[in-house]
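Hi there,

Here is the structure I promised to pass on. Have a look at it first, and then read my notes below.

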Amino acid sequence: MTDTKKKSPTPAEIREARTNAGLTQTEAAQTVQSSLRGWQQWEAGDRTMPPGLFELFMLKTGQWPLDNDMET
């Protein structure tokens with residue numbers, strides 16, 4: 001059986017996704033209904049962002065196609 005559990009994004013991946021979307025930390029936090037402090041902690045590496053929340057952010061900002069995990 002293979003482990004299909006997604007890994008949490010790194011702080012650098014979170015920061016890069018936010019800057020690619022052209023959003024401030026406040027705007028990014030609002031996108032996923034999070035607090036500004038929570039977003040800051042994810043980018044600083046003080047807390048890990050749940051993989052599903054990162055996926056939601058990527059989808060809502062148009063950075064992650066729905067078929068991303070499908071091989072063609």
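Are Trp39 and Phe57 buried or exposed? Trp39 is buried, and Phe57 is buried too (buried means under 20% relative accessible area, exposed over 50%, partly exposed in between, with a 1.4 Å probe and protein chains only).

Before the rest, some ground rules. This is a predicted model, where local features need pLDDT of at least 70 and side-chain atom pairs count only at pLDDT 80 or more, while totals for chains, interfaces and linings use all residues. Residues are numbered from 1 along each chain as its sequence is written, and side-chain values use heavy atoms, with hydrogens and water left out.

Now the aromatic rings. Rings of Phe, Tyr and Trp (its six-membered ring) pair if their centres lie within 6.5 Å; planes under 30 degrees apart count as stacked, over 60 as edge-to-face and the rest as tilted. By this rule the count comes to three aromatic pairs. In one of them, the ring centres of Trp39 and Phe57 are 5.1 Å apart with the planes at 55°, so that pair is tilted. Trp39 sits in helix α3 (residues 36–44) and Phe57 in helix α4, so the pair ties together parts that are 18 residues apart in sequence. (Helices are DSSP runs of H or I with at least four residues, numbered from the N terminus.) Phe54 and Trp64 make an edge-to-face pair, 6.0 Å centre to centre with 65° between the planes. Phe54 is in helix α4 and Trp64 in the segment after α4, 10 residues apart, and both are buried. There is also an aromatic cluster, formed by Trp39, Trp42 and Phe57.

Next, two helices. Helix α1 (residues 11–20) and helix α4 (residues 51–60) pack at about 20°, their axes 10 Å apart (axes are lines fitted to C-alpha atoms over the stretch in contact, and angles run from 0 to 180 degrees between N-to-C directions). That makes α1 roughly parallel to α4, a label for angles under 35 degrees. Glu13, Ile14, Ala17 and Arg18 of α1 meet Phe54, Phe57 and Met58 of α4, where contact means heavy atoms within 4.5 Å.

Last one: Arg18 of helix α1 is buried, with a relative accessible area of 12%. Leaving out residues up to four places away in sequence, Arg18 touches Leu23, Thr24, Gln25, Ala28, Trp39, Glu43 and Phe57.

Cheers!

How values were computed
Angles under 35 degrees count as roughly parallel, over 145 as roughly antiparallel, 65 to 115 as roughly perpendicular and the rest as oblique.
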